[in-house]
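Welcome! Please take a moment to look over the model shown here before reading on.

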Amino acid sequence: MAKTPMRVAVTGAAGQIGYSLLFRIANGDMLGKDQPVILQLLEIADEKAQKALKGVMMEIDDCAFPLLAGMTAHSDPMTAFKDADFALLVGARPRGPGMERKDLLEANAQIFTVQGKALDAVASRNVKVLVVGNPANTNAYIAMKSAPSLPAKNFTAMLRLDHNRALSQVAAKTGKPVSSIEKLAVWGNHSPTMYADYRFATIDGASVKDMINDDAWNRDTFLPTVGKRGAAIIEARGLSSAASAANAAIDHMHDWHIGTNGKWTTMGIPSDGSYGIPQDTMFGFPVTVENGEYKIVQGLAIDEFSQERINLTLKELTEEREGVAHLLKA
Ligand code: NAD
Ligand code: LMR
């Protein structure tokens, strides 16, 4: 018997990432090849954006996806998030000329407060929310805090692109396939301060750290390459990463819904206090997922170098959180 369709809300649907993301969701790459989906697409009310969204929807129609059970366009989050089982919050205000980081945080804080409240009011009580729009961790934190009637654990931020970038760098360094690498972790913020950590990683059971055996490469090449990859892509393409970001969003939601079969992945999730990260801080952790629930991998030894890196990314997140605290009081 055919499964009941699941409702997937996507914001920023006419943007770059949306253009890579929507087709894959409708193709079953995210929730499985037997899971029908209904797309509920949100864009700003601006006439040009809504017209562009209609164009994307025409193209989706033209793919005749067998799993697509419905598709609607919205300019109001209260209708876009109605009964949503999944919400991918991609749309965000980009940094404009003369804008300071603080201005960006404030502009996005407003968007994610409104969207958090709308999710709280109308989404499924089990909605799984992924925030992609930057600054992703803090936006996810704001949405979570704006949705007090939904479980905090339903809100996550995208660290999967950093995780995939790290996997690919380790594969290139060791000359082994990406698929053979297990137990990689990325800690902290989706920003250049994130800490990609291959100390526990294995390839066919052998330690990646021992295989690479080069702390200088880790510090001077690997971490800066992964941390600054977003900027390198902007520099090369003239636009920020889109297909790889969409791919990471698919991976994140797929694994959250389907599970990781005991394997580790990285998700930005509200901390439960593990590893000394204050409760509710939206932080990248190594997790495993079973039956739709993620669990932080516990008991990992944190050496001095790793603790310094974790402290640095935590400090940045704490500052971002303090920068928007006044907006969450109202
Ligand atoms: P884009 O500018 O091409 O598209 C964003 C779209 O969002 C636009 O169409 C815009 O109209 C829409 N939008 C803006 N505010 C909205 C709102 N309040 N409601 C609904 N829609 C809204 O940008 P993009 O390249 O698709 O990137 C989107 C975001 O994702 C950016 O913030 C980018 O920095 C971020 N990003 C995050 C990661 C990550 O790993 N977390 C990776 C890449 C990009
Ligand atoms: C990325 O990591 O590619 C995105 O977050 C875009 C950016 O601004 O770095």
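**How to read the names and values**

This is a predicted model, in which local features need pLDDT of at least 70, side-chain atom pairs count only at pLDDT 80 or more, and totals for chains, interfaces and linings use all residues. Residues are numbered from 1 along each chain as its sequence is written, chains are lettered from A and ligands numbered from 1 in the order in which they are written, and side-chain values use heavy atoms, with hydrogens and water left out.

**Helices that pack together**

Two packed helices are described by the angle between their axes and the distance between the axes. Here the helices (H or I, at least four residues) and strands (E, at least two) are DSSP runs, numbered from the N terminus. Axes are lines fitted to C-alpha atoms, for helices over the stretch in contact, and angles run from 0 to 180 degrees between N-to-C directions.

| Helix pair | Angle | Distance between axes |
|---|---|---|
| Helix 5 and helix 11 | about 35 degrees | 10 Å |
| Helix 4 and helix 5 | about 40 degrees | 8 Å |
| Helix 1 and helix 2 | about 30 degrees | 11 Å |

Let us begin with helix 5 (residues 136-145) and helix 11 (residues 304-329). Their crossing is right-handed; a crossing is left-handed if the near helix is turned anticlockwise from the far one by less than a right angle, and right-handed if clockwise. Helix 5 brings Asn-137, Thr-138, Tyr-141, Ile-142 and Lys-145 to the contact, and helix 11 brings Leu-317, Glu-320, Arg-321, Val-324 and Leu-328. Contact means heavy atoms within 4.5 Å. The residues of this contact comprise five nonpolar, two polar and three charged. In this scheme Ala, Val, Leu, Ile, Met, Phe, Trp, Tyr, Cys and Pro count as nonpolar, Asp, Glu, Lys and Arg as charged, and the others, Gly among them, as polar.

Helix 5 also packs with helix 4 (residues 101-122), at an angle of about 40 degrees. That makes helix 4 oblique to helix 5; angles under 35 degrees count as roughly parallel, over 145 as roughly antiparallel, 65 to 115 as roughly perpendicular and the rest as oblique. Helix 4 and helix 5 cross in the right-handed sense. From helix 4, Leu-105, Asn-108, Ala-109, Phe-112, Thr-113 and Gly-116 meet Thr-138, Asn-139, Ile-142 and Ala-143 of helix 5. Sorted by type, the residues of this contact are five nonpolar, five polar and no charged.

How are helix 1 and helix 2 arranged relative to each other? They are roughly parallel, and helix 1 passes helix 2 in a right-handed crossing. On one side are Tyr-19, Leu-22 and Phe-23 of helix 1, and on the other Val-56, Glu-59, Ile-60 and Cys-63 of helix 2. This contact has six nonpolar residues, no polar and one charged.

**Empty spaces**

Rolling a probe the size of a water molecule over the atoms shows where empty space is left. On a 1 Å grid over the protein atoms alone, a cavity is a set of points where a 1.4 Å probe fits but cannot get out, and a pocket is an open set with protein on both sides within 12 Å along at least five of seven lines; lining residues have an atom within 4 Å of a point. Grid points are joined across faces, edges and corners, and a volume is the space filled by probe spheres set on the points.

How many cavities of 30 Å³ or more does a search of the whole structure find? The search finds one. The largest cavity has a volume of about 50 Å³, and its lining consists of Asn-137, Thr-138, Tyr-141, Asp-280, Thr-281, Met-282, Leu-317 and Arg-321. Helix 5 gives the most to this lining, with three residues.

The largest pocket holds about 1600 Å³ of space. It is lined by 49 residues, of which Ala-92, Pro-94, Gly-133, Asn-134 and Ser-240 are the closest to its centre. Helix 4 supplies the largest share of that lining, six residues.

The second largest pocket has a volume of about 370 Å³. Among its 16 lining residues, Arg-160, Leu-167, Ile-181, Lys-263 and Trp-264 are the closest to its centre. Helix 6 gives the most to the lining of this pocket, with four residues.

**Two backbone details**

The peptide bond from Asn-134 to Pro-135 is cis, with omega near -5 degrees. Pro-135 sits in the loop between strand 5 (128-131) and helix 5. Ala-64 has phi near 50 degrees, a positive value in a residue other than glycine, and is found in the loop between helix 2 (47-63) and strand 3 (68-74).
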